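These notebook entries set out what I looked up, one topic at a time. I began with helix contacts and then turned to the pocket.

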Amino acid sequence: MTDTVVPASVPPGRPPGRPRSAVADEAIREAAVELFAERGFEGLSVDDVATRAGVSKATIYRRYPSKVDLVVAAAGCLTAAEIAFPDTGNLRDDLRGLARALIKAFKTSPAGRVMPVMVFERRRYPELDEGYRRFVADRKARTRTLLRRAVDRGELPSDTDVEVMSSMLVGPIFHRLLVTQEPVNDTFVDVLVEALLRAFGAM
């Protein structure tokens, strides 16, 4: 009886077929994010994503059957965008640091470029809402963690509604960034943080 020989070039347990390229995956997502930010959903095409990413349309369609799937996946990747959530041991410094990090990320990161477009487009294309909600939920959860640490340290009353306090920190920032385009400088951050601390009876 002859033993079955597994070719050395095919690692046991690996599915047959050509392996996906992590480089291509990243290039496709980055191209989709950039084009979505520039043109919105209607103006984005798989052809243009393929050209900018340096891949074929077939490579994209093997990963994402439709343009909606592509944009949702690309937007979902924004949850990994780095925002510094401070843990200084002091609530005032944590809030200032977080507010400044959010503003910087909005102004300089892919997530910041996509957010204004996503806020608008998710109303017209509900399928896009998934990526947007994941992005927002991640940030809100991490902000609540920051505030709960302050409750545990005794800097905030034990009955503090961290959900409301989180919204009252982030809401004015994004209102200025997305709606009024008023300054979001250090002076604004300091005034906002002090108002929050007074409103929630910070110790």
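Predicted model: local features only at pLDDT ≥ 70, side-chain atom pairs only at ≥ 80, totals over all residues.

**Entry 1: α5 and α6.** By class, I recorded 5 nonpolar, 2 polar and 1 charged residues in the contact of α5 with α6. I then looked up the geometry: the axes of α5 and α6 come within 4 Å and cross at roughly 80°. That angle makes α5 roughly perpendicular to α6.

**Entry 2: α5 and α8.** I next followed α5 to its contact with α8. On the α5 side I listed L95, L98, A99, L102, I103, F106 and K107, and these meet M165, L169, V170, I173, F174, L177 and L178 in α8. The residues of this contact divide into 13 nonpolar, no polar and 1 charged. I noted that the axes of α5 and α8 cross at roughly 35° and come within 11 Å. The crossing in which α5 passes α8 is right-handed.

**Entry 3: the largest pocket.** How much space lies in the largest pocket? I found about 430 Å³. The lining has 22 residues, and I noted M115, V136, K140, V170 and F174 as the closest to the centre of the pocket. I also looked up which helices contribute to the lining. At least two lining residues come from each of α5 (91–108), α6 (110–124), α7 (129–153) and α8 (162–180). By class, the lining has 14 nonpolar, 6 polar and 2 charged residues.

**Entry 4: α1 and α2.** I recorded a right-handed crossing where α1 passes α2. Which residues of α1 meet α2? I listed A27, I28, A31, A32, E34, L35, E38 and R39, which meet D48, V49, R52 and A53 in α2. The contact of α1 with α2 comprises 7 nonpolar, no polar and 5 charged residues.

How values were computed. Residues numbered from 1 in each chain as written. Heavy atoms only, no water. Left-handed = near helix turned anticlockwise from the far one by under 90°. Contact = heavy atoms within 4.5 Å. Nonpolar A, V, L, I, M, F, W, Y, C, P; charged D, E, K, R; others polar. 1 Å grid on protein atoms, 1.4 Å probe; cavity = no way out; pocket = protein on both sides within 12 Å on 5 of 7 lines; lining within 4 Å. Points joined across faces, edges and corners; volume = space filled by probe spheres on them. Axes fitted to C-alpha atoms, helices over the stretch in contact; angles between N-to-C directions. Parallel < 35°, antiparallel > 145°, perpendicular 65-115°, else oblique.
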